[in-house]
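Thanks for making time this morning; I would like to walk you through one model and keep to what can be computed from its atoms. Please have the structure open while I talk.

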Amino acid sequence: MLPALLRPFALVATLLGALPASAETVWITAERALDARSGRWIERPGIRVEDGRIAAIEAGSAGKPAPEGIRHVDLPGLSLLPGLIDMHTHLDSDPRYGGYTGLQFSDRFWSVIAVPNARKTLMAGFTTVRNVGADAFNDVGLRQAIEEGHVRGPRIITATHSFGATGGHCDSTFFPPSMDQKSPYNADSPAEGRKRVRELRKHGAQVIKICATGGVFSRNTEPGQQQLAEAEMRAIVEEAHQWGLKVAAHAHGAAGIKAAIRAGVDTIEHASLIDDEGIALARKHGTFLSMDIYNTEYTQSEGKKNGVLEDNLRKDREIAELQRENFRRAHQAGVRMVYGTDTGVYPHGQNGRQFAVMVRYGMTPIEAIRAATVNAAEALGRSDLGAIEAGHHADLIGVRGNPLEDIRLLEKVPVVIQGGRVVKQAAWTGEADRPARRPAA
C-alpha cells in the first residue's frame, strides 16, 4: 500500500494516464517533400500519418482522392521539409534584459516567459530544440507542460543547469562576496563532476551541458580561458555516457575545445577560436560543432540598449568574425556541423535567420538544412527525428518556394505540423488554437 503522502500523486497519475493520446490517421499532400539525406525532392507526395508518426510516403499521390475515412491535409504549392532542430537554445531567457536589468523580476518570472518563447520557437518551424542550460529546472517543467498538452511548444531535450568550475562561465559571476551568489552545481574535481551528472539526471537532465572555457556574457572570464581540466571533463563524459546521456561543452578557446574533444564530449558549442589542430581532432573523433554565427547581429545592435555591459559587448565584437571564419574553415575541412543559434541571446522565434549566414560562410543550402535536420538528429542520438521517413515523428514544415534556391524562405515558415497535427497555417481556424496532448517524447 502506498504511503498517505504519495496517494494524491498516484491519483493524478492515474487520471492523466486515463486520457489517451490521439490515434488519428492523417493523409498529408503537398507539391513536394525534401529527402534531406539525398537532397532530392519527392514530387507530389502523399504522407500517411498514424499515431503521430509517418507510416508511409507515396510519390505522385497529391491531387488524388485521399484514402477513405482519413482526414486529409492538403497543402497545394508548398514544399515540405522535416521539422527543424535547434541544438542550442535558452527558452527561459529574454535578450531584452541584459546585464543587471533582470534583477527587477521575481525568480519565477523566467519560468513564465519560457512559455511564450516555446510557442514562438515552434511557430518558427523548430519542432525540436535542445535547451542547453536553464535556471531552477525551468526547462524540465516546460517540457512536462508541453508533453501534457497544457502549452504549445517544441519537443525539448533538457539539460537543466549547465555547470563548470567555481568562478567560471557557468557560475554566478556578477556579484560581490557579501551576496554569496554561486551556482549550486559547480564542479572542481573529477569526483564532483561525476556527482553533478548524477544529480542533474535525477531531476530531469536529458543531456549534460558543461562550460569548458570562459564566455562572452559572463563577468571576469575571457572566452579563450580553459576552465575545466581535461581529467575533469573526461570524468563527466564517462559518467554521462554510462547513464546514456550525451555531453555538450561550451568552449570558445582553442585549448578548451581540444581538451573537450579528447575527453569525449559529443558536441562543442560556439567553437569560436578553434585552431587547425582542433579542427583535425573534431574530424578524427566525429565531434559535432554547434556554431552560433548569426546572433552577433542582434547583440551588437541592441545589446547596449538592453543593458548588456560594455565588457561583454567588447568580447562579443572580438570573437564574432573569428568565429564565422573558423566556421568556414571547419566546414571546408569536413567537420560535422549542427544548427545551434543560442536564442535567448537574441529573440526567440528568429531562429531561422542563421541559415543565410551559414550559406554566406560556405555551406550550400542543403548542407545548412541537414545541419538542422539529419545531422542534429544524429547528434541527439535520435533515429525518429530529422527526416521525412517511415517511423519518424510527423514533424514537418511547409514553405512556398524552393529553399534549396532561396534559403531565406526558412526565416518565415507559414506551415508547421507537429506529430501529424497542423499547429500553424494562415488559413487554418481550428487545430492551431487547440493544444495537442502529449507529443511522444
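Let me begin with a question: is Phe109 buried, partly exposed or exposed? Phe109 is partly exposed, with a relative accessible area of 21%, where buried means under 20% relative accessible area, exposed over 50%, and partly exposed in between, using a 1.4 Å probe and protein chains only.

Before going further, a word on conventions. This is a predicted model, in which local features need pLDDT of at least 70 and side-chain atom pairs count only at pLDDT 80 or more, while totals for chains, interfaces and linings use all residues. Residues are numbered from 1 along each chain as its sequence is written, and side-chain values use heavy atoms, with hydrogens and water left out.

Now the overall picture. The protein has 12 helices and 16 strands, these being DSSP runs numbered from the N terminus, with helices as H or I of at least four residues and strands as E of at least two. The radius of gyration is 22 Å, close to the 22 Å that the globule rule gives for 441 residues, so the protein is as compact as a globular protein of that length; the radius is taken over C-alpha atoms, and the rule is 2.2 Å times the number of residues to the power 0.38. Along its principal axes the C-alpha trace spans about 70 × 60 × 45 Å, and buried residues make up 54% of the 441 residues. Among contacts between residues at least 6 apart in sequence, 69% join residues at least 24 apart, a contact meaning heavy atoms within 4.5 Å.

Turning to the sheet, five strands form an open sheet in the order 9-10-11-12-13, with parallel pairing, where two strands pair if DSSP finds at least two bridges between them. Strand 9 (207–211) and strand 13 (337–338) stand at the edges with a single partner strand each, so one side of each is left without a neighbour in the sheet. Further in, strand 11 (residues 267–270) and strand 12 (residues 288–290) pair in the parallel sense over three bridges, and Ile268 has Leu289 in strand 12 as its bridge partner.

Let me come back to the aromatic residues. The structure holds 12 aromatic pairs, counted when ring centres of Phe, Tyr and Trp (its six-membered ring) lie within 6.5 Å, with planes under 30 degrees apart called stacked, over 60 edge-to-face and the rest tilted. The rings of Tyr97 and Phe109 have centres 5.9 Å apart and planes at 75°, so that pair is edge-to-face. Tyr97 sits in the loop between strand 6 (84–89) and helix 2 (109–123), whereas Phe109 is in helix 2, 12 residues apart. Tyr97 is partly exposed as well, at 26% relative accessible area. The rings of Tyr294 and Tyr346 have centres 5.0 Å apart and planes at 65°, so they too are edge-to-face. Tyr294 lies in the loop between strand 12 and helix 8 (296–302) and Tyr346 in the loop between strand 13 and helix 10 (354–360), so this pair ties together parts that are 52 residues apart in sequence. Both Tyr294 and Tyr346 are buried.

Finally, Phe217, in the loop between strand 9 and helix 5 (230–242), counts as partly exposed at 32% relative accessibility. Not counting residues up to four places away in sequence, Phe217 touches residues including His169, Phe174 and Val345.
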